[in-house]
Amino acid sequence: MTDKRQPGRFFFKIATTLAFLSGCITLLVLGGLFTFINPESIAQTLTSSEIRYAIQLSLITSIISTILCAVVAIPSGYILSRGGFPGQRPLIMLLMLPLSLPPLVAGVALLLFFARTPIGTGLEDLGVTVVYTQLGIIVAQCFVNLPYLIRVMRSSFAMISPRYEHIARTLGCSDFQAFWHVTLPLARAGLISGLVITWSKAMGEFGAVLMLAGATRMHTETLPIALFLNMATGDLDIAITTACILLGIAAVTMFFFERLSEGSDRI
């Protein structure tokens, strides 16, 4: 008598093998970075004024851009998850469009917008200069990462039944109070994980930042820009150490993301 579940077991073994194989390749490729680090250059790189400046600028701009993304993404994701207004589908497609764009294309579009359009030149006349400035870094990070956070928040709010809000309203809460005290706490895991990934993506954003803010040492030099500049000039020790810093940030980010995902699954 044959086991009818045998094909399922075979598929499970193949899928597991492919998953482990992909993980091993990722480990070999990314982990190989650390084998090229010169131990003597680590302390020198981390204490250099250039890398310290790049770390500081990356932290400041990524935190600011993540906060700005949250201010827009939380209400936008909520209203898109509840739906029921004209033009919702075209609006969602428009908001999600930067997700499918190469960052370089987004950077070129931002550069032309702030350098050649009446809005961009008008802002510059008012003293708000975006092109080749640190403000441009924040603008580029927001433009690229905002659609991702909106999508995360929309999915998080969509998993919460509107009945909780209706009950809160029957108990005397206003619409905002029901959202603030009921819906938002229930979406806490999705919000925190989305913010963590958005911050990590902002730390590593390169293409759009390069196009809009440029690659000027000690001015618009974030960690990815520092990696690019040092690779271009042949300073491999500094470039590899910088790459390992970004890899470490990504690894820590994914660790917290997985922990938060596990916590949300238990709820």
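User: What is a salt bridge, and at what N to O separation do Glu50 and Arg217 meet?
Analyst: A salt bridge is a side-chain nitrogen of Lys or Arg within 4 Å of a carboxyl oxygen of Asp or Glu. This is a predicted model. In this model, the side chains of Glu50 and Arg217 meet in a salt bridge. The N to O separation is 2.4 Å.

User: Which parts of the chain does the pair of Glu50 and Arg217 link, and how many residues apart are they?
Analyst: Glu50 sits in helix H3. Arg217 sits in the loop between helix H11 (207–213) and helix H12 (223–232). The pair thus links distant parts of the chain, and the two are 167 residues apart.

User: Is Glu50 buried or exposed?
Analyst: Buried means under 20% relative accessible area. Glu50 has 14% relative accessibility, so Glu50 counts as buried.

User: Which other residue forms a salt bridge with Arg217?
Analyst: Arg217 is partly exposed, at 34% relative accessibility. The closest N and O atoms are 3.8 Å apart, and the partner is Glu221.

User: Where does the salt bridge of Arg82 and Glu165 lie?
Analyst: The side chains of Arg82 and Glu165 meet at 2.7 Å, N to O. Arg82 is partly exposed at 24% relative accessibility, whereas Glu165 is buried at 2%. The pair is 83 residues apart and links helix H3 to helix H8 (residues 163–170).

User: Which residues do salt bridges that share partners join into one network?
Analyst: The structure holds 5 salt bridges. Some share partners, and these join Arg82, Glu165, Arg169 and Asp175.

User: How many helices and strands does the protein chain have?
Analyst: From the N terminus on, the elements run α-α-α-α-α-α-α-α-α-α-α-α-α. The count is 13 helices and 0 strands.

User: Which residues have the most contacts inside the largest nonpolar core?
Analyst: In soluble globular proteins, nonpolar side chains tend to be buried together. Here the largest nonpolar core has 19 residues. Helices H3 (49–82), H4 (88–100), H7 (134–158) and H9 (175–186) each supply at least two residues of this core. Those with the most contacts inside the core are Ile74, Leu149, Met153, Phe157, Phe179 and Leu184.

User: What does Leu184 touch, not counting residues up to four places away in sequence?
Analyst: Leu184 is one of the residues with the most contacts inside the largest core. With residues up to four places away left out, Leu184 touches Ile74, Phe157, Phe179 and Leu191.

User: Which residues form the nonpolar patch on the surface?
Analyst: The patch has about 800 Å² of accessible area together. One member, Leu21, lies in helix H1 (residues 6–35). Leu21 counts as partly exposed because its relative accessibility is 47%. The patch is formed by Phe10, Ile14, Leu18, Leu21, Ile25, Leu28, Val29 and Leu30.

User: What share of the residues of the protein chain count as buried?
Analyst: The accessible surface comes to about 15,800 Å², and 70% of that belongs to carbon and sulfur atoms. The chain has 267 residues, and the share that counts as buried is 37%.

Technical notes: Residues are numbered from 1 along each chain as its sequence is written. This is a predicted model: local features need pLDDT of at least 70, side-chain atom pairs count only at pLDDT 80 or more; totals for chains, interfaces and linings use all residues. Side-chain values use heavy atoms; hydrogens and water are left out. Patches are made of residues with over 30% relative accessible area and no salt bridge: like charges are joined within 9 Å, nonpolar side chains (Val, Leu, Ile, Met, Phe, Trp, Tyr) within 5 Å. Accessible areas come from the Shrake-Rupley method with a 1.4 Å probe; for residues, only the protein chains shown count as cover. Helices (H or I, at least four residues) and strands (E, at least two) are DSSP runs, numbered from the N terminus. Buried means under 20% relative accessible area, exposed over 50%, partly exposed in between (1.4 Å probe, protein chains only). A nonpolar core is a set of buried Ala, Val, Leu, Ile, Met, Phe, Trp, Tyr and Cys residues joined through side-chain atoms within 4.5 Å. Contact means heavy atoms within 4.5 Å.
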